[in-house]
Amino acid sequence: MFVEHLPDDRGQAHTLEAFTAALLLVAGLVFATQATAVTPLSASTSNQHVENQAAIAAQDVLTTAEASGELRAALLYYDDGFVGADDEYYTGLPNASHPLHGQLREAFDNRRIAFDVDVYYPAADGEGLDRTRMIDMGSPSDNAATASTRVALYGDDRFGDSDQYVLADDGPGGYFAAPVGAGDTLYTVVEVRITAWQM
């Protein structure tokens, strides 16, 4: 029995198929190595938008609260720690009696944005600044936004749970910030800083 061998021209087609398959494989590997994981905290235009919104919200809270007097009231809502705080500071949204409760809830808590509120003031020894935490919700992310404003506190300002203390008389021993100088009008100037970031 004889098997007839005819000329086979399929060799070129097989070579072309192999070359195409190899090219697709290499292209897939190159694409896989160039692709990066995108997480909610990855830098992108949407994250920049969230950061900008958080910065605007923080500045709005400070501006509005300062104009209404609620920021000063929040700074004076102190009696061996901020009133109603678990420790000396709040670890989440302050209770409903806190002067900033409504504004912070609307600006950040309802939108699931974490925030810290810190207060900086001249150190008692006159060198540098000290910090007191009013609200601490954790460590800010790399994309956190900040806003700040300064508030002057005067000697006749009252502080405590029911305004029972006077800064000029009781402040040096009972308030977190020491008086600056010997003036009987200005007690000190503090800087309130809000840091906000997407949870």
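Biologist: In which helix is His101 found?

Modeller: Helices (H or I, at least four residues) and strands (E, at least two) are DSSP runs, numbered from the N terminus. His101 belongs to helix H4. This is a predicted model in which local features need pLDDT of at least 70 and side-chain atom pairs count only at pLDDT 80 or more, while totals for chains, interfaces and linings use all residues. Residues are numbered from 1 along each chain as its sequence is written, and side-chain values use heavy atoms, with hydrogens and water left out.

Biologist: Is His101 buried or exposed?

Modeller: Buried means under 20% relative accessible area, exposed over 50%, and partly exposed in between (1.4 Å probe, protein chains only). With a relative accessible area of 15%, His101 is buried.

Biologist: Which residues are in contact with His101, leaving aside its neighbours within four places in sequence?

Modeller: Contact means heavy atoms within 4.5 Å. With those neighbours left aside, His101 is in contact with Leu93, Pro94, Asn95 and Ala96.

Biologist: With which side chain does the side chain of Glu70 make a polar contact?

Modeller: A polar contact is a pair of N or O atoms within 3.5 Å; within protein, one must be able to donate a hydrogen and the other to accept it, and residues adjacent in sequence count only if both atoms are side-chain atoms. The partner of Glu70 is the side chain of Ser68, at 3.2 Å. Glu70 lies in helix H3 and is partly exposed, at 29% relative accessibility. Between the C-alpha atoms of Glu70 and Pro99 the distance is 5.4 Å, although the two are 29 residues apart in sequence.

Biologist: In what order do the four strands of the open sheet stand?

Modeller: Strands of a sheet pair through backbone hydrogen bonds, either parallel or antiparallel. For a pair to be assigned, DSSP must find at least two bridges between the strands. Here the order is E2-E1-E6-E3, with antiparallel pairing. Strand E2 (129-135) and strand E3 (145-154) are at the edges with a single partner strand each, so one side of each has no neighbour in the sheet.

Biologist: How many bridges join strand E1 to strand E6?

Modeller: Eight bridges join E1 (residues 113-122) to E6 (residues 186-198), and Phe115 stands opposite Ala196 in E6. Six bridges join E1 to E2, where Tyr121 faces Asp130. The hairpin of E1 and E2 has six residues between the strands, and Gly126 takes a positive phi near 80° in that hairpin.

Biologist: Which residues touch the most other members of the largest nonpolar core?

Modeller: A nonpolar core is a set of buried Ala, Val, Leu, Ile, Met, Phe, Trp, Tyr and Cys residues joined through side-chain atoms within 4.5 Å. The largest one has 41 residues, and Leu75, Phe108, Met134 and Tyr175 touch the most other members. Helix H2 (45-68) gives the largest share of this core, six residues. Leaving aside neighbours within four places in sequence, the contacts of Phe108 include Ala54, Val61, Phe115 and Ala196.

Biologist: How many aromatic pairs does the count give?

Modeller: A pair of aromatic rings is described by the distance of the centres and the angle of the planes. Rings of Phe, Tyr and Trp (its six-membered ring) pair if their centres lie within 6.5 Å; planes under 30 degrees apart count as stacked, over 60 as edge-to-face and the rest as tilted. The count comes to 11 aromatic pairs. One aromatic cluster has among its members Tyr78, Phe82, Tyr121 and Tyr175.
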